[in-house]
Amino acid sequence: MEKDIPKNSIKKTLLKLSIGAVGMFVFAVFLMPPLYYALCDLTGIGGKTSGRYEVQDTTVDTSRTIKVQFLTVNNGSMPWDFSPKVTEVTVHPGEPKAVTFYAKNRTSKDMVAQAVPNLTPFNATKYFHKTECFCFNQQPLSAWSEIDMPLVFIVDKDIPKTVNTITLSYTLFDVTDSLSSAKFPVARLNR
Amino acid sequence: MAHGPAKGIGRWLFTTNHKDIGTMYLWFSFAMFLLGGSFAMIIRAELFQPGMQIIRPEFFNQMTTMHGLVMVFGAIMPAFVGLANWMIPLQIGAPDMALPRMNNLSFWILPFAFALLTATLFMEGGAPNFGWTFYAPLSTTYAPPTVNYFIFGVHLMGASSIMGSINIIATVLNMRAPGMTLMKMPMFVWTWLITAFLLIAVMPVLAGAVTMMLMDINFGTSFFNAAGGGDPVLFQHVFWFFGHPEVYIIILPAFGVISHIIPAFSRKPLFGYSSMVYATASIAFLSFIVWAHHMFLVGMPIGGELYFMYATMLIAVPTAAKVFNWISTMFRGSLSFETPMLYAVAFVILFTIGGFTGIMLAVAPADIQYHDTYFVVAHFHYVMVAGAIFSSTAAVYYWLPKWTGKMYNETMGKVQFWIGFIGFNVTFFPQHFIGLAGMPRRYSDYALQFSDWNMVSSIGAFIYGTAQLLFLYNVISTIRSGKPVSEPKTWDGAEGLEWMVATPAPYHTFATPPVIK
Amino acid sequence: MLRRARMLFTLLFAPVISLAASVSAIAEEGNNWAVNMPRGVTSVSNSIYDIHMLVFWIVTITGILVFAVMFYVMYAHRKSRGAVASNFHENTTAEIVWTAIPAVILILLCIPATTTILDVYDTSEAEMDVKVTGLQWKWQYEYLGEDVKFLSELATPESEIYNTAPKGQYYHEEVTEPLVIPANTKVRFLITGQDVIHSWWVPDFGVKRDALPGFINETWANVYKPGIYRGQCTELCGKGHAFMPIVVNVLEKEEFKTWLADKKVEQAAIRELTNKTFTMDELMEKGEVAYNRSCAGCHQVNGQGIPGIFPSLVGQGIAVGPVEAHIDIIVNGQAGTAMQAFGDQLSELDQAAIITYERNAWGNDVGDITQPIDVYNWKKGK
């Protein structure tokens, strides 16, 4: 009979499950990305180096050296010349090192670029500190102009003994036309 | 209240009756199965020989993408929702689903969503062409303009699934006949209850993924765009967090159907009922923590590779237990091999083979050679076609007499089974070989050493396609001119409340719930 | 009855067993009916092959045993033979046993799987670094520290793909320039993507890794046997996914040193050619080859493109307009479209030849010539 159907408890189930479904959507859009980035930051997985580093300890470990290689990639049809002035350097852990990257806007239009760094191996990510990097900001260049861009880094003296080579790759993106790139809710730049 | 159905098209547009809605879901899913199947026929026709003979590579990518989307979201999932609608109220002694009007909405969203998705084939830029797994940035920065229709379609299908699942849970938890405790529920109901929770947990995550895609494409965000500080690998994590439970969503109801058919045709109760329930629940729980085995080659750290490998291998354990339970059900039974049982036995064998290749794929170092090759394609077609589709086909033959009051022609059923069984294996077994030999998936063309097995596979596909047309013929001719049957219990070994109501099942059943002892 | 069951078992499984036994034997290179992966030519590929075969045999034997029981039951317990159904329906001991045994087997399998993965991930002490970049739809290889860089594109002509010419032996597996590496050397591959996700796979090396835009992945190979090895892109990357194969030529160490030295000379020579002046005929001839290799994939051999997707170059647009715009679009591409910036991908000579060809072929007959130095100067802003 119709009156045997437990309408109230059905409504309660409906409410609880709807909240659950909405909750999972909120989790996916608002919690999964931050959790993911937090995990990347915490562990260095993914090779995403962090932002501007404040030097605390200036001791240098002269007993070992680390080879640091630099690679560049132009994303998509990014029509700039973009290359490291030196392709590799050797440093002591703890020793600050400055290198330069060359960029030239080869077109007749003013453009803006964003360089995004990535590093391998992952267990070195947290030990690679940048005190100065052109990747911290967007890089505008007017038509036909060129620029030397600085990178100053320190390999942490506590870097695991198993790491002897670090490869740092910069990918150059054309952000001239995109709307502000650090938008809602969780996109972030390597500041 | 006990008047019969309304007349004309209005009956179908406005029905709140679970049997009508179940019927619509089943017919819709079969139509989608034939649509997705024709995309597959185009793919296999093109791959019959090396070289581009029939279509261009751009269109080929649209075919593979649409084949996956239509089959997963339009054919398999609605087929089992249709079975759920028809059978769950009957099996628990309820008069209908808990939320009948929402049930109607859940169904009618689907034809609209798929009309939209299919229409993209005719739009400028073509249909979605980035694979049913739509990885960014191919599906964001490099997508055709129809990607927005794709996203809308996915949202609609997701909403339909979520509403359907809420309905199933509300029905099962609140409307079981008095005396039917959870551990007395039929297995099909158990598997659907668990599946419905999985759906509510992960369909919104898929909605989240496509929403983030939508924002990246249209509103300048950078969830998955490295230029803005985003990450394409994040897309893969979010997608597969949905994607892996999704494949268990597809297979668990199929397990439920088999757990009805094997006992019926063995004339013996299901072996290990409680173990089967616990195994199903364990599989569902484990399905949440293994997703990155789809991402072994993305550049995961070694700890991640090892963890996901170990966890994935663990899922094989409860699944194996289920297979042993089915075989033990048959053991010392009194077996007969009508069409539903042929399908069920084929399911156990072929799904197990798919499970074996799954174990091989779980081994992360070996996956270096298997990932994104035809070995993976073979694996998932074994579990999804010989698993889920064979199970839903078995369910149709099994329950068709109850639904229609007509018996199908047993010889035609067996013929249809054997043609399909042979066609399926000729299509997909060789795909293991070409995958191991080095042919990647989603390839519109291939090197010459893959020609021979590809030709064999394509021939098998045409045979398998023919078997599906024969299935359609069998169903229609049964409905129109099958031998009338009226005993409540069509199959002498069958158990369950659905076999206590009249045949064909009256429009309204269990207006008064039965008492379960 | 048991004897009959045994006979049945043997009859059914003899062919299966003999097929399974011959599986490994059929897996030869170049065999059209290959059923197995290659052993390969690195220690990693061999470890992978071994664990693949181990798991394969475990699951095959398990399958044979389980299905044998099932077939026996289907034969012996059928109603038509008079079998009467028992009523037992649970047994906790059985459940524990058939849960524990698979679990133990799987746990044991994890041991060789773990050691192999640890090996795959160990990129330390590499002797040579090669940067591999995946683009739509080709690979770019760069020898780090050596200033040698080149593109590797599919060399199979469109005519073979579209069935107007017979297919060569290496159809779909040949490239304009293979990657060359030395044997018995630990080579580290640094893999990235320029546009969408690609994946670099050489089955014989046991190496596969995704090429992600914005990321750098590393893996390695130490090939003990010189030879030519062919691979494929293994991540859907658009319409050319099947059309960007990988070819690696592994040379003996000494031969490789010679090759590298020659290559540097060759690349310097190409840079020199930038200053040379060419005739219309020379540029048209070079241009046709370069165009068919690098441009015809989208714009078609006849220049007519695909309406609505890739513009036609025949009698319209930039190809017959001012040459500055033509150089600009070849060098810098067109943002937001599939037209790539070829400025860094091709030599100035190739670019000039292509421009000249496009402006004068198919009846365009604009009549002007673009020299490599024009392209070079344009890039410098002169």
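Q: Which residue in β3(A) stands opposite A:Ile66?
A: In this predicted model, the residue opposite A:Ile66 is A:Val91 in β3(A). The strands β1(A) and β3, residues 88–91 of chain A, run antiparallel and are joined by four bridges.

Q: And what about β1(A) and β9 of chain A, do they pair in the parallel or antiparallel sense?
A: Parallel: β1(A) pairs with strand β9 (residues 165–174) of chain A over eight bridges. One example is A:Asn74, whose bridge partner in β9(A) is A:Leu172.

Q: Why is β1 of chain A largely enclosed by the rest of the structure?
A: Eight of the nine residues in β1 (residues 66–74) of chain A are buried, so the strand is largely enclosed by the rest of the structure.

Q: Let's zoom out, then. How many helices and strands does chain A have?
A: Chain A has one helix and nine strands. Chain A is more spread out than a compact globule, because its radius of gyration is 24 Å, well over the 16 Å that the globule rule gives for 191 residues.

Q: What does chain A span along its principal axes?
A: The C-alpha trace of chain A spans about 85 × 50 × 25 Å along those axes. Of the 191 residues in chain A, 40% are buried.

Q: OK, switching to chain B. What is chain B made of, in helices and strands?
A: Chain B has 14 helices and two strands. Its radius of gyration is 22 Å, close to the 24 Å from the globule rule for 517 residues, so chain B is as compact as a globular protein of that length. Along the principal axes, the C-alpha atoms of chain B fill a box of roughly 65 × 45 × 45 Å.

Q: What share of chain B is buried?
A: Buried residues make up 67% of the 517 residues in chain B. As for contacts in chain B with a separation of 6 or more, 83% involve residues 24 or more positions apart.

Q: How many residues of chain B are in contact with chain A?
A: There are 36 from chain B, in contact with 40 residues of chain A. On the chain B side, α5 (147–174), α6 (187–218) and α7 (232–266) each supply at least two residues. The most come from α6(B), with nine residues. By class, that side of chain B has 25 nonpolar, eleven polar and no charged residues.

Q: Which residues touch the most other members of the largest nonpolar core?
A: They are B:Ile76, B:Ala209, B:Ile261, B:Ala344, B:Phe347 and B:Ala394, in a core of 329 residues. The largest share of this core, 24 residues, comes from α6(B).

Q: I'm curious about B:Ala209. What does B:Ala209 touch, not counting residues up to four places away in sequence?
A: B:Ala209 touches A:Ala28 in chain A, along with B:Phe235, B:Val238, B:Phe239 and B:Phe242 in chain B.

Q: Now chain C! How many residues does the contact take from chain C and from chain B?
A: The contact takes 79 residues from chain C and 81 from chain B. The elements giving two or more residues to the chain C side are α2 (43–76), α3 (92–120) and β7 (207–211) of chain C. That side of chain C divides into 41 nonpolar, 26 polar and twelve charged residues.

Q: Where is C:Val44, and is C:Val44 buried or exposed?
A: C:Val44 is in helix α2 of chain C. C:Val44 is buried, with 21 other C-beta atoms within 10 Å. Leaving aside neighbours within four places in sequence, C:Val44 is in contact with C:Asp119, C:Val120 and C:Gly206. The C-alpha atoms of C:Val44 and C:Trp220 are separated by 9.6 Å, while the two residues are 176 residues apart along the chain.

Q: Last topic: what order do the strands take in the open sheet of chain C?
A: The order of this five-stranded open sheet is β3-β2-β1-β5-β8, with mixed pairing. At the edges are β3 (148–152) and β8 (217–222) of chain C, each pairing on one side only. From one strand to the next, the twist averages 25°.

Q: How many bridges join β1 to β5 in chain C?
A: Seven bridges join β1 (residues 128–135) to β5 (residues 186–193) of chain C, and these strands run parallel. C:Val130 stands opposite C:Phe189 in β5(C).

Methods:
Residues are numbered from 1 along each chain as its sequence is written. Chains are lettered from A and ligands numbered from 1 in the order in which they are written. This is a predicted model: local features need pLDDT of at least 70, side-chain atom pairs count only at pLDDT 80 or more; totals for chains, interfaces and linings use all residues. The radius of gyration is taken over C-alpha atoms; the globule rule is 2.2 Å times the number of residues to the power 0.38. A residue is buried if 20 or more other C-beta atoms lie within 10 Å of its own, exposed if 12 or fewer, and partly exposed in between; C-beta atoms are placed from the backbone. Two residues are in contact if their C-beta atoms, placed from the backbone, lie within 7 Å. Ala, Val, Leu, Ile, Met, Phe, Trp, Tyr, Cys and Pro count as nonpolar, Asp, Glu, Lys and Arg as charged, and the others, Gly among them, as polar. A nonpolar core is a set of buried Ala, Val, Leu, Ile, Met, Phe, Trp, Tyr and Cys residues joined through C-beta atoms within 7 Å. Two strands pair if DSSP finds at least two bridges between them. Axes are lines fitted to C-alpha atoms, for helices over the stretch in contact, and angles run from 0 to 180 degrees between N-to-C directions.
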